[in-house]
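Subject: Structure handover

Dear colleague,

I am passing on the structure below, together with notes on what was found in it. Please read the notes with the coordinates open beside them.

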Amino acid sequence: MWEIKIKRENSLPDPVGYKKAFDDCQGQELRDDLEKKAMGIAKGGFGNIFMIMFTLYMTGNMMNIFTIVIIGQFLWQAISTIAKMDQAFSSLENRGISLFLYKLIYLSAGLLQLGVVLYKLYNIGLLPLNSADWIDLVPLHHQEEIVVPYSYN
């Protein structure tokens, strides 16, 4: 009768690029790679700021459809950048690194983009921040006049 015996030992080496257990050195390299990737995602919003500033400078301070469309596009981009923060870092969640600092940097880039666009809206006059913009809300003060009859005798 034929008899087959299979030994359950790890006599074969692991395949190339795969290990069940990480050394301290390899674990640290993986952590460094994840942190570099997270920092790259976090700093991605800062690259757009100078392009936004230059484009908004080139539109000028005239009120026309071109300026409104460009400002609207950059305003939507800044708001969607802030709103999609969790989606941007979803590939790095639960990978053993803290993403708080990277998310804070990403948020600051989005808020800076939003600030540049709001500053442009203020310069054009579409953002009501001056007291003259709210003059209609100030109640009118009517002087009451009193007429007293005066007679010459």
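What pattern does the protein follow when read along the sequence? The pattern is α-α-α-α-α, and the secondary structure comes to 5 helices and 0 strands, where helices (H or I, at least four residues) and strands (E, at least two) are DSSP runs numbered from the N terminus.

This is a predicted model, in which local features need pLDDT of at least 70 and side-chain atom pairs count only at pLDDT 80 or more, while totals for chains, interfaces and linings use all residues. Residues are numbered from 1 along each chain as its sequence is written, and side-chain values use heavy atoms, with hydrogens and water left out.

Of the 153 residues in the protein, 22% are buried; buried means under 20% relative accessible area, exposed over 50%, and partly exposed in between (1.4 Å probe, protein chains only). Among contacts (heavy atoms within 4.5 Å) between residues at least 6 apart in sequence, 68% join residues at least 24 apart.

Leaving aside neighbours within four places in sequence, Leu34 is in contact with Leu92, Arg95 and Ile97.

The structure holds 1 aromatic pair, a term for rings of Phe, Tyr and Trp (its six-membered ring) with centres within 6.5 Å, counted as stacked with planes under 30 degrees apart, as edge-to-face over 60 and as tilted for the rest. The ring centres of Phe89 and Tyr106 are 5.6 Å apart and the planes stand at 80 degrees, so this pair is edge-to-face. It links Phe89, in the loop between H4 and H5, with Tyr106 in helix H5, 17 residues apart. Phe89 is buried, at a relative accessible area of 0%, and Tyr106 is also buried, at 11%.

One backbone detail deserves a look. Asn94, in the loop between helix H4 (85-88) and H5, has a phi near 55 degrees, a positive value in a residue other than glycine. Most residues other than glycine have a negative phi. Asn94 is exposed, with a relative accessible area of 79%.

Best regards
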